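Biologist: I would like to learn how to read a protein model. Could we go through one together, feature by feature?

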Amino acid sequence: TANAAAVGVQIDLAIMRRRFWAITQQSNHTDCSDIEGRCPISCEDDALNCFLVDNNGFILISSKVEDTGKFLGEVDGSVMTQLVNMGLFNEVKLYDNQAMCKGHSDHHSGSEPMISPLYI
């Protein structure tokens, strides 16, 4: 017999966000002699847009709280395109079949056409 198990954890998003920013912040003692631009780098810097995304491209943590839960391609399409080009994500086409309607067809006979259970 196969054993199955599931484990979960509930973490306050604000606490997780603060902890993540603290962990990813570069030390003030970072050697920046061979780096162009700002140094040390911090996600708390307003000039940067930092994202933590899941394996499907949805934003778990963002510099802008209102972006949390959105798809990265919707928030910053150029970054998502670059990640797809690098092979980190695959583009998946989705079709909403429920939103598709069957076209109405006019019948030129006096009798009603046979209606299938799927006819709308």
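Modeller: What follows is a short tour, from the overall layout to single residues. Keep in mind that this is a predicted model.

Biologist: Let us start with the layout. How many helices and strands does the protein have?

Modeller: There are 3 helices and 2 strands. Along the sequence they come in the order α-β-β-α-α.

Biologist: What share of the residues is buried?

Modeller: Of the 120 residues in the protein, 12% are buried. A residue is called buried when its relative accessible area is under 20%, and exposed when that value is over 50%.

Biologist: Now the strands. How do E1 and E2 run relative to each other, parallel or antiparallel?

Modeller: They run antiparallel, and 3 bridges join E1, residues 51–53, to E2, residues 59–62.

Biologist: What do E1 and E2 form, and how many residues lie between them?

Modeller: The two strands form a hairpin with 5 residues between them. In the turn, Gly-57 has a positive phi of about 90°. Asn-55 is also in the loop between E1 and E2. Asn-55 counts as exposed because its relative accessible area is 66%.

Biologist: Next, charges. What is the general idea?

Modeller: Side chains of opposite charge can pair when their charged atoms come close.

Biologist: How many salt bridges does a search of the whole structure find?

Modeller: The search finds 1 salt bridge. Lys-93 forms a salt bridge with Glu-91, and their closest N and O atoms are 3.5 Å apart. The cut-off for such a pair is within 4 Å.

Biologist: Are Lys-93 and Glu-91 buried or exposed?

Modeller: Lys-93 counts as exposed because its relative accessibility is 60%. Glu-91 is exposed too, with a relative accessible area of 62%.

Biologist: Then Asp-76. Where does Asp-76 lie?

Modeller: Asp-76 is in the loop between helix H2 (72–75) and helix H3 (77–85). Asp-76 is buried yet has no salt bridge. The nearest side chain of opposite charge belongs to Lys-64, 8.4 Å away.

Biologist: What does the side chain of Asp-76 make a polar contact with?

Modeller: With the side chain of Ser-78, at 2.9 Å.

Biologist: Finally, the surface. Which residues make a nonpolar patch there?

Modeller: Val-9, Ile-11, Leu-13 and Met-16 make a nonpolar surface patch of about 360 Å². One of them, Val-9, is found in the segment before helix H1 (13–24). Val-9 counts as exposed because its relative accessibility is 71%.

Conventions. Residues numbered from 1 in each chain as written. Predicted model: local features only at pLDDT ≥ 70, side-chain atom pairs only at ≥ 80, totals over all residues. Heavy atoms only, no water. Helix = DSSP H or I, 4+ residues; strand = E, 2+ residues; numbered from the N terminus. Buried < 20%, exposed > 50% of the residue type's maximum accessible area, 1.4 Å probe, protein only. Lys, Arg positive; Asp, Glu negative; His and termini not counted. Polar contact = N/O pair within 3.5 Å; in protein donor to acceptor, adjacent residues only side chain to side chain. Pairing = 2+ DSSP bridges. Patch = residues over 30% accessible without salt bridge, like charges linked within 9 Å, V, L, I, M, F, W, Y side chains within 5 Å. Areas by Shrake-Rupley, 256 points an atom, 1.4 Å probe, with all protein chains shown as cover.
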